[in-house]
Amino acid sequence: MGQEMTLPIHTPVLLIETVEALAVQPGGRYIDCTIGTGGHAIAILERSSPGGQLLGIDADPVAIEVARARLGHYGSSVLLVNENFVNLQAICHKYDFLPVHGILFDLGLSSLQLESGGGGRGFSFQQDAPLDMRFSPHQKTTAADILNTYSETGLANLIATYGEERYSRQIARRIVAERPITSTLHLVQVIERAAVYRRDKIHPATRTFQALRIAVNHELQNLESALKQAIAVLGAEGRLVVISYHSLEDRIVKRFMQQESKDCLCPPNVPVCACGHRASIRMFTKKALTPSPAEVRTNPRSRSAKLRAAEQIMHHSDCCSAVEDHCPPARLEVGKRRRPSVIKKLRIAFSAM
Ligand SMILES: C[S@@+](CC[C@H](N)C(=O)[O-])C[C@H]1O[C@@H](n2cnc3c(N)ncnc32)[C@H](O)[C@@H]1O
């Protein structure tokens with residue numbers, strides 16, 4: 001594509017931290033579920049050389065074309081797929097890309113979508129454009145469809161839930177009064193006319209735009225589904241790294257990792273485990289990693305980034321029928337960690353007798 005030189009290239013966030021958290025090794029097999037313009041992908045390919053392989057996924061066909069142009073010289077080490085990561089497992093099976101050593105999700109939007117061609121897609125409230133906001137042209141519903149067809153209550157709930165906007169009701173009322181709304185700057189004016197007093201420093205349209213984008217692209221549902229699939233396609237000790245940019249995403253990632261790193265999900269008052277849940281990952285970022293002040297200075301878009309990472313763990317029954325001596329060290333840990341929770345439950349059971 002001869003266009004890539006004029007399109008904005010996204011500056012990858014937490015680049016060194018990401019490559020470290022993925023523990024990228026020569027000859028490894030990695031998936032970048034949100035390849036964007038390929039910044040993280042280049043670092044992964046460099047570090048996994050010789051012999052590394054990368055499967056890059058993006059729902060946005062423009063991102064795939066830019067990534068293809070930038071990563072062309074890596075030849076057959078790279079496979080690019082214009083797909084939604086909600087189909088992660090199916091994609092891996094289709095391309096026989098299993099199991100993998102590391103999976104990256106760098107969520108949200110790229111500079112490519114916010115600027116230039118992105119202005120035309122309605123993601124930015126700073127440029128006038130039709131209210132589209134779809135990552136992929138194959139999706140049916142646009143932001144304009146939602147704005148112009150939802151009930152006032154439906155809009156208020158959407159803006160409150162996905163935008164965490166405290167003035168959602170006032171904004172929804174105004175939108176309904178001024179419909180049809182088809183362009184970004186028209187929507188910005190409507191939000192400003194909702195005449196709400198704000199103390200926060202962000203632009204008054206920020207939260208409503210976020211809410212619409214999340215709804216149009218089913219972002220939270222897709223993330224929840226893809227995280228589960230990621231665990232399934234990771235090989236033993238494979239790494240999962242997720243960079244999120246707002247609290248709704250980060251909450252999903254944090255809860256998922258916490259839950260999947262526990263051996264039992266029964267409520268604390270249940271004396272003996274009834275759920276049978278077993279840990280599938282080990283978290284190694286109790287607190288999320290965030291960009292340094294220097295990174296935020298040079299790339300202000302990184303300011304809200306949070307990186308969380310985990311490692312896939314395997315159960316004895318999956319590898320050696322619980323004969324611990326036969327397990328490699330990382331698998332042994334699983335057995336060791338399971339005991340305290342069982343002992344704790346037995347203690348509770350006995351003390352209740
Ligand atoms: C923050 S950018 C990634 C930037 C990339 N790491 C880089 O260095 O250029 C996020 C990308 O994820 C893509 N994306 C978001 N949700 C997606 C989904 N559900 N499936 C596939 N791609 C998605 C967007 O189209 C966007 O290109």
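Tutor: **Helix H12**

The buried residues of H12 are Glu249, Asp250, Val253, Phe256, Met257 and Glu260. Seen down the helix axis, these residues fall within an arc of 135°, so they line one face of H12. The arc is taken over the directions from the helix axis to the C-beta atoms. A residue counts as buried if 20 or more other C-beta atoms lie within 10 Å of its own, as exposed if 12 or fewer do, and as partly exposed in between, with C-beta atoms placed from the backbone.

This is a predicted model, in which local features need pLDDT of at least 70 and side-chain atom pairs count only at pLDDT 80 or more, while totals for chains, interfaces and linings use all residues. Residues are numbered from 1 along each chain as its sequence is written.

On the other side of H12, Ser247, Arg251 and Arg255 are exposed. The helix covers residues 247-260, 14 residues, and spans 20 Å from its first C-alpha to its last, close to the 20 Å expected at 1.5 Å a residue; the expected span is 1.5 Å times one less than the number of residues. Helices (H or I, at least four residues) and strands (E, at least two) are DSSP runs, numbered from the N terminus.

The buried residues of H12 pack against helix H11 (219-233) and strands S5 (234-244), S6 (281-283) and S7 (306-312). Contact here means that the C-beta atoms of two residues, placed from the backbone, lie within 7 Å.

For another helix, take H3 (residues 61-71), where Val62, Ala63, Ile64, Val66, Ala67 and Leu71 are buried. The cover over the buried residues of H3 includes H2, S2, strand S3 (78-82) and helix H5 (111-114).
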